[in-house]
Amino acid sequence: MRFVDEFRQPELISKTAEEIRRLAGTDRHYRMMEVCGGHTHAIYRFGLKDILPENIELIHGPGCPVCVLPMGRIDDGLAIAQEPDVIFAAFGDMMRVPGTQGSPLEHKARGMDVRIVYSPSDALKLARVNPDKHVMFFAIGFETTAPSTALTMMRARAEGIHNFSVFCNHVTIVPAIRAILDSPDMRLDAFIGPGHVSTVIGCRPYEWIAQNEHKPIVVSGFEPLDMLQSIVMLLRQLQAGEAKVENQYKRVVPWEGNRAALRAMAEVFQLRPYFEWRGLGFISQSALRINDKYAEFDAEQRFEVPGIRVTDPKAAQCGEVLKGVLKPHQCKLFGRECTPEHPIGALMVSTEGSCAAYHSYEHRKAAMVSLSSIA
Amino acid sequence: MRRVSQLRTPQGSNGKSELDRLSAPANTLADAAPIRFRDPQIEMAHGAGGKASRKLVEGLFAPLLFGAVPGPLGDAAHVNINGTTISITTDSFVVKPLSFPGGSIGELAVNGTVNDLAVSGAKAEALVVTFVLEAGLPTSVLEAEVRAMAKAAQDAGVRIAAGDTKVVEHGKADQMYVTTTGIGRLIHGVTIDPRSVRVGDKILLSGPIGDHGVTILLARGELDLEADLRSDTRSVFPLIEALVKAAGPGIRWMRDPTRGGAATSLNELARDCGLGMVLFEDQIPVRDTVRGACELLGLDPLHIANEGQFLAVVSPEYADAAINALCLAPGGSEAQVIGEVREQPAGTVLVTTLYGGSRIVDMLVGDPLPRIC
């Protein structure tokens, strides 16, 4: 398969892993954060930890949009969908994320009209074919998905569709990285920069990390070879005492980003003064709302929104895991009260959530190793 | 409940079978059985063939209907009547859409039950069929499906012996559902038991995985994706017959990995035998179109349903004979040894990559693609 197999070639992977071992040596420990949930998933899926030396520690970042959504927002969205004749449309990732009264799928089992869509334009299609219903699209995602939400609203307006709205939970990546860096308990050496987000925003928005924080960042692709090459690039910078932004994912990410996508976002969205992130708390100017020009498509203006705020279960340590302070299995609930079948936090739901990835791909392996070392 | 528990004669109870126990007064049975199923309501995932399905069967159906948590759950039950053992199984079909490239609900309904019997080491002899029809279903649609059933039954050499029809109000079902129940005769020379699996055994797969599930997904037209792909629905009996002839004494276990995919079937085996199933990723046959769709949608081909493939665990000395026999049989040319049984990681399925990475593959959790069969 083109654009996939080239980046999974065993010989090249072995060679690159060898280069990493050579560069990393043994005399110091490296803590690198992969910001993006897609990278977290790839690390587990391809078993990359098995081929990295022990002194390279990968810390999972906050880049899983489902995971950083506070439970109250899910409750708010589901509350709107309780209104008569409302269809709740969302990406499949959202479907099993728990609200206080259950996930969207559980609401569906109880009779709510919940639909899985693969893109916001599919939600608009639903509105077209169900003129007597109102379709509310539960929008999530970083700058990766925000442009398609924006374009969908632009199209809805152009077509004069009135039974369509968006419950906007789009967030922006840079303030989240800033919050991580401001957190005193984090000691990071470098960042594996988000790939998909950067196709939209480009590489410039990360320059302050290199300049002000003196941490190298390499925007990376998602195949095994991409990620290993990015680690090589980071190690080279660290050893040379450099801190700059580099782009490993050039085949997809333009340095200046995607201007058309940025224009669409600017047309429809404006920054919220602040927004609550699960685990990270309120972060100023970290999320998007729909601007007044598109108010008729803003579910928050069109419907009564309860504005529910829910504190996470006390024992759940989603915040610490999201910030990379704790590894998934160090949370008190991991694998006991909180499992992929009965998730308490969204990190255990999304395939990009570090807990789900760790649970399905890793933790029994860890258990196995510790057992065999006893025997 | 598709997976029927093996109804065995429990040792040390005067040869009284579990069937006899089933005929005991229901209240004593129910009182004695611990109900461990605590989910407050039924979700789609309970029918997806993965973890939730297993919990429902083991935690509610088995204790109430069989009186105890049974041994390993197979695809069919073996029942002894007057000294003759027959194999029996049942399967319901609710696939949407009714027809898709490569097959349709009628064909699935016949082949699905024939295959459940086949991987249990039995040749299907007769089926009974139940139709649940939605008022308003065009007769032409029904007729096409009945014709498809007749043809599939003829091809598989199985008689459709009886049936039943129910009609529900418009809007209370989605066009039509079909249930088939089959009985079969045990094939001589093969015993299927997950507890007979040993370290060093080879894991065989009859052909590429994921064709059925991805075909259905694309046939729904919800994704703007097109691919030249057909469901793999077929009777696997001829392949199993060839396998048994060549390697019968070496066959330990077989399963057709339908809902939940190969990962779920192998996880069940790993749990039942307490050993590790180690798969070699580069040996698992997956068509490029299926891989491509899975890459795009974030699915694992090992979790995607199949309707015309089966997995087998064969002792190492019979592995070559088994693969040769499968490859020579019509429709078996893509059969592969995809892994082997190891002591560790116990109770787990581990996939290893060519470059030395590895990952645990769990049972399907949730339901990425509802109503695929």
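Predicted model: local features only at pLDDT ≥ 70, side-chain atom pairs only at ≥ 80, totals over all residues.

Biologist: Which residue does B:R287 meet in a salt bridge?

Modeller: The general idea is that side chains of opposite charge can pair when their charged atoms come close. Here the partner of B:R287 is B:E334, with N and O 3.6 Å apart. B:E334 is partly exposed too, at 38% relative accessible area. The two sit in distant parts of the chain, 47 residues apart: B:R287 is in the loop between β12 and α9 of chain B, and B:E334 is in the loop between α10 and β14.

Biologist: Now take the pair B:R359 and B:D300: how far apart in sequence are the parts it ties together?

Modeller: They are 59 residues apart, since B:R359 lies in strand β16 and B:D300 in the loop between α9 and β13 of chain B. The closest N and O atoms of this salt bridge are 2.8 Å apart. As for accessibility, under 20% means buried. B:R359 is buried at 3%, and B:D300 is buried at 13%.

Biologist: What about charged residues that link up in a network of salt bridges?

Modeller: Chain B has a network that joins B:R54, B:E58, B:D75, B:R255, B:E268, B:R271 and B:D272. Over all chains, the salt bridges come to 43.

Biologist: Okay, on to two chains together. How do I read an interface?

Modeller: The size of an interface is often given as the accessible area lost when the parts come together. For chain B and chain A that is about 2,700 Å², with 53% of it on carbon and sulfur atoms. On the chain B side, B:E295, B:Y355 and B:I360 lose the most area, together 26% of what that side buries. If you'd rather count residues, 32 of chain B are in contact with 31 of chain A.

Biologist: How many salt bridges are there between chain B and chain A?

Modeller: Three. One of them joins B:E295 to A:R8, at 2.8 Å from N to O.

Biologist: Which element gives the largest share of the chain B side?

Modeller: That's α9(B), with five residues. The elements giving two or more residues are α3, α9 and β16 of chain B. By type, the residues on this side divide into eleven nonpolar, ten polar and eleven charged.

Biologist: Back to A:R8: which residue of chain A forms a salt bridge with it?

Modeller: A:E223 does, with the closest N and O atoms 2.5 Å apart. That pair spans 215 residues, from the segment before α1 to the loop between β8 and α11 of chain A. A:R8 is buried at 16%, and A:E223 is buried at 10%.

Biologist: Last one: how do I read a helix?

Modeller: An α-helix has 3.6 residues a turn, so residues three or four places apart point the same way. In α7 of chain B, B:F237, B:L239, B:I240, B:L243, B:V244 and B:A247 are buried. Seen down the axis, these buried residues fall within an arc of 155°, so they line one face of the helix.

Biologist: What covers the buried residues of α7(B)?

Modeller: The cover includes helices α4 and α10 of chain B, along with strands β7, β10, β11 and β13.

Terms used
Residues numbered from 1 in each chain as written. Chains lettered and ligands numbered in written order. Heavy atoms only, no water. Contact = heavy atoms within 4.5 Å. Buried area = accessible area lost by both parts, 1.4 Å probe. Salt bridge = Lys/Arg side-chain N within 4 Å of Asp/Glu carboxyl O. Helix = DSSP H or I, 4+ residues; strand = E, 2+ residues; numbered from the N terminus. Nonpolar A, V, L, I, M, F, W, Y, C, P; charged D, E, K, R; others polar. Buried < 20%, exposed > 50% of the residue type's maximum accessible area, 1.4 Å probe, protein only. Arc of directions from axis to C-beta.
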